[in-house]
Amino acid sequence: MSKYEPLGDFLKNQKTDYVPMSFAEIERVTGTRLPASALYRAWWSNNSLNSVMTKVWLEAGFESEQVDMAHRKLVFRRVGRPAVSSSDKAA
């Protein structure tokens, strides 16, 4: 289990297609501090090879957008259904 999985669970449980969050809110949801690389806009891109956390929000069916580095916030936008993990298939 990734330390960022709580973010994926949080996003999957949202009823709206747009989920604005501050970086601090993401840290509260995940229970861990964001890495220093999160201070760079590229870290918030939707490239699945970018980081473990990127994979988490993509697999939850969301993409990041409206990244505001100055105010440390962004919007997650629903783009599809969550990916089915192997643990979900076994249930």
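So, how are α1 and α3 oriented to each other, roughly parallel or roughly perpendicular? Keep in mind that what we have here is a predicted model.

Let's start with the two helices. α1 covers residues 5-12 and α3 covers residues 52-59, and their axes come within 8 Å, crossing at roughly 20 degrees. Anything under 35 degrees counts as roughly parallel, so that's what α1 and α3 are. As for handedness, α1 goes past α3 in a right-handed crossing.

Who's touching whom? On the α1 side you've got Glu 5, Leu 7, Gly 8, Leu 11 and Lys 12, and they meet Met 53, Val 56, Trp 57 and Glu 59 of α3. Sorted by type, the residues of this contact come out as five nonpolar, one polar and three charged.

Now the inside. The largest nonpolar core is made of 19 residues, and among those with the most contacts inside it are Leu 7, Leu 11, Met 53 and Phe 76. Elements giving two or more residues to this core include α1, α2, β1 and β3, but α3 gives the most, with three.

Take a look at Phe 76. Skipping neighbours within four places in sequence, Phe 76 is in contact with Leu 7 and Leu 11, with Trp 57, and also with Ile 26 and Phe 62, among others.

Gln 66 isn't a glycine, yet its phi is positive, about 50 degrees. Gln 66 sits in strand β2 and counts as exposed, at 57% relative accessibility. Arg 72, also not a glycine, has a positive phi of about 50 degrees too. Arg 72 is in the loop between β2 and β3, and at 33% relative accessibility Arg 72 counts as partly exposed.

Notes
Residues are numbered from 1 along each chain as its sequence is written. This is a predicted model: local features need pLDDT of at least 70, side-chain atom pairs count only at pLDDT 80 or more; totals for chains, interfaces and linings use all residues. Side-chain values use heavy atoms; hydrogens and water are left out. Axes are lines fitted to C-alpha atoms, for helices over the stretch in contact, and angles run from 0 to 180 degrees between N-to-C directions. Helices (H or I, at least four residues) and strands (E, at least two) are DSSP runs, numbered from the N terminus. Angles under 35 degrees count as roughly parallel, over 145 as roughly antiparallel, 65 to 115 as roughly perpendicular and the rest as oblique. A crossing is left-handed if the near helix is turned anticlockwise from the far one by less than a right angle, and right-handed if clockwise. Contact means heavy atoms within 4.5 Å. Ala, Val, Leu, Ile, Met, Phe, Trp, Tyr, Cys and Pro count as nonpolar, Asp, Glu, Lys and Arg as charged, and the others, Gly among them, as polar. A nonpolar core is a set of buried Ala, Val, Leu, Ile, Met, Phe, Trp, Tyr and Cys residues joined through side-chain atoms within 4.5 Å. Buried means under 20% relative accessible area, exposed over 50%, partly exposed in between (1.4 Å probe, protein chains only).
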